[in-house]
Amino acid sequence: MWRETVCVVVVWVIRRWLMQRGSLCLRRCGYDPTRAPLWLVTVTSYARWLVGGDIMYGVDSNLYVSVSRLYELMVSWKMQQLLLMHCLYEKLVGGLDGSMSQRDASLESIATILKNNPGAVSKFVELQNGRALRSVIELTRDRFSRTRLLACLCLICIKNSSSCFLQDIAIKTKLIYILLELLDDSGQVGEEASFAFSSLVAGKEDLQKLAFEANAIDKFYNHLQNPELNSKRLEGIFLALGDLCSKLECCRSRFMSLQVLNLLVNALTHDEANVRTAACICLKTVSRSIKNLSAGYFMNERIVIPLVRLLSDLFTSVQVAALGAISNIVVDFTPNKSTIIQCGGIKELVHLTKSMDSSLRLNAVWSLRNMIFLADKMCKEAIFMELTASSVATLICDPEPSCRIL
């Protein structure tokens with residue numbers, strides 16, 4: 001027993017020293033690995049020592065976890081390649097057959113390596129003639145929910161990094177159903193499942209269609225009806241619904257028919273900034289529907305008033321998200337846009353065109369441009385009374401080219 005304790009302590013001390021040494025060196029060299037040879041040598045030697053022998057398969061699973069976390073210290077593509085050259089992949093894949101903690105640590109590290117890294121994805125898929133990929137797919141059926149979620153995250157990273165892999169519709173459908181099932185988990189897995197779902201379907205019309213057929217919107221709606229949902233779950237669900245409704249009209253129609261909009265409006269005044277941001281993002285995608293815009297479902301005081309208030313939110317992320325939603329809603333396809341005028345929306349938008357933050361200026365200008373679309377004379381006059389000629393001249397000469405669109 002004392003040997004196991006000594007090993008764990010030794011590994012912990014080395015990890016602490018490595019992180020401190022690496023952080024200091026990275027700060028000194030401005031995150032440029034070519035100017036930090038000692039850091040590279042240290043990391044490479046440490047990696048070689050860890051993956052080179054049987055210590056990875058020691059009696060204590062903490063030893064394995066320390067190895068799998070090593071990749072998280074890597075901040076450059078070159079460092080990632082160094083670890084790949086030292087067969088870290090082989091060791092991590094070997095951990096998939098180990099204990100639960102070893103499997104989860106391996107899956108988490110593999111997902112970190114594969115994320116937004118097509119080269120690493122290609123290497124992984126080809127590893128051991130596809131055995132590594134098959135092992136991950138097999139773990140999506142594991143009896144532990146955490147393991148299933150991490151296996152799904154690995155497959156999502158593969159799918160998002162390279163569209164040529166995992167094209168089988170059965171695997172896509174399986175991922176959707178597993179993530180929807182994991183939403184029922186009462187712990188951290190349930191919280192993270194909606195974020196994984198969002199990453200899976202974002203920008204992919206085929207996957208959004210499969211999710212619609214799997215009644216994903218109904219599933220998320222049922223969870224939203226739980227009054228005890230914490231802020232993390234609310235944020236994840238609204239982001240997932242936003243991505244799910246980003247392309248297909250059938251998804252938006254189902255969203256509106258279930259009256260999810262009522263729950264979304266309540267979230268616009270939530271105490272947590274992340275929830276307010278997610279609600280605005282969701283509203284932006286749902287309001288892309290020409291049918292619903294023409295029907296005037298969004299240009300009413302219940303939606304416009306909280307959105308306008310969010311334009312002066314303390315968090316820039318909330319302001320930008322609110323501007324994105326307003327930019328869609330004010331199109332409205334109707335000449336009468338008095339609601340947003342009466343709520344002081346124009347004054348807030350013009351004020352944000354003078355912001356020091358270029359993202360706020362850009363989104364505010366887009367909102368004003370969209371508001372002029374099909375607007376009546378009263379609306380146009382109200383805009384140009386607030387937006388003076390000198391303000392327009394300033395925007396035309398804006399240092400950010402993207403803001404010179406008014």
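Start by selecting Leu307. Away from its sequence neighbours (residues up to four places away are not counted), Leu307 touches Leu268, Cys280, Leu283, Ala322, Ala325, Ile326 and Ile329. A contact here means heavy atoms within 4.5 Å.

Before moving on, note what is on screen. This is a predicted model, in which local features need pLDDT of at least 70 and side-chain atom pairs count only at pLDDT 80 or more, while totals for chains, interfaces and linings use all residues. Residues are numbered from 1 along each chain as its sequence is written, and side-chain values use heavy atoms, with hydrogens and water left out.

**The core**

Buried means under 20% relative accessible area, exposed means over 50%, and partly exposed lies in between (1.4 Å probe, protein chains only). Helices (H or I, at least four residues) are DSSP runs, numbered from the N terminus. In soluble globular proteins, nonpolar side chains tend to be buried together.

**The aromatic pair**

Keep Phe197 and select Phe220. How many aromatic pairs does the count come to? The count is one. The ring centres of Phe197 and Phe220 are 5.1 Å apart and the planes sit at 70 degrees, so this pair is edge-to-face. Phe197 is in helix α11 (residues 188-201) and Phe220 in helix α13 (residues 216-224), so the pair links distant parts of the chain, 23 residues apart. Both Phe197 and Phe220 are buried. The rule takes rings of Phe, Tyr and Trp (its six-membered ring) with centres within 6.5 Å; planes under 30 degrees apart are stacked, over 60 edge-to-face, and the rest tilted.

**The cysteines**

Show the cysteine sulfurs next. The structure holds zero disulfides, a disulfide being a pair of cysteine sulfur atoms within 2.5 Å. Go to Cys157: the nearest cysteine sulfur, that of Cys154, is 6.6 Å away. Cys157 is buried, at 12% relative accessible area. Then try Cys251. Its closest cysteine sulfur is in Cys250, at 4.3 Å, too far for a bond. Cys251 is buried too, with a relative accessible area of 0%.

**The salt bridges**

Switch to charged side chains. There are twelve salt bridges. Each is a side-chain nitrogen of Lys or Arg within 4 Å of a carboxyl oxygen of Asp or Glu.

- Select Asp184 and Lys219, which meet at 3.0 Å, N to O. Asp184 lies in the loop between α10 (169-182) and α11, and Lys219 in helix α13, so the bridge ties together parts 35 residues apart in sequence. Asp184 is partly exposed at 47%, and Lys219 is partly exposed at 23%.
- Select Arg254 and Asp218, whose closest N and O atoms are 2.5 Å apart. Arg254 is partly exposed at 31%, whereas Asp218 is buried at 18%.
- Finish on Arg252 and Glu249, bridged at 3.1 Å. They are three residues apart in helix α15, which means a separation of about one helical turn. Arg252 is buried at 7%, while Glu249 is partly exposed at 32%.

Note on methods. Helices (H or I, at least four residues) and strands (E, at least two) are DSSP runs, numbered from the N terminus.
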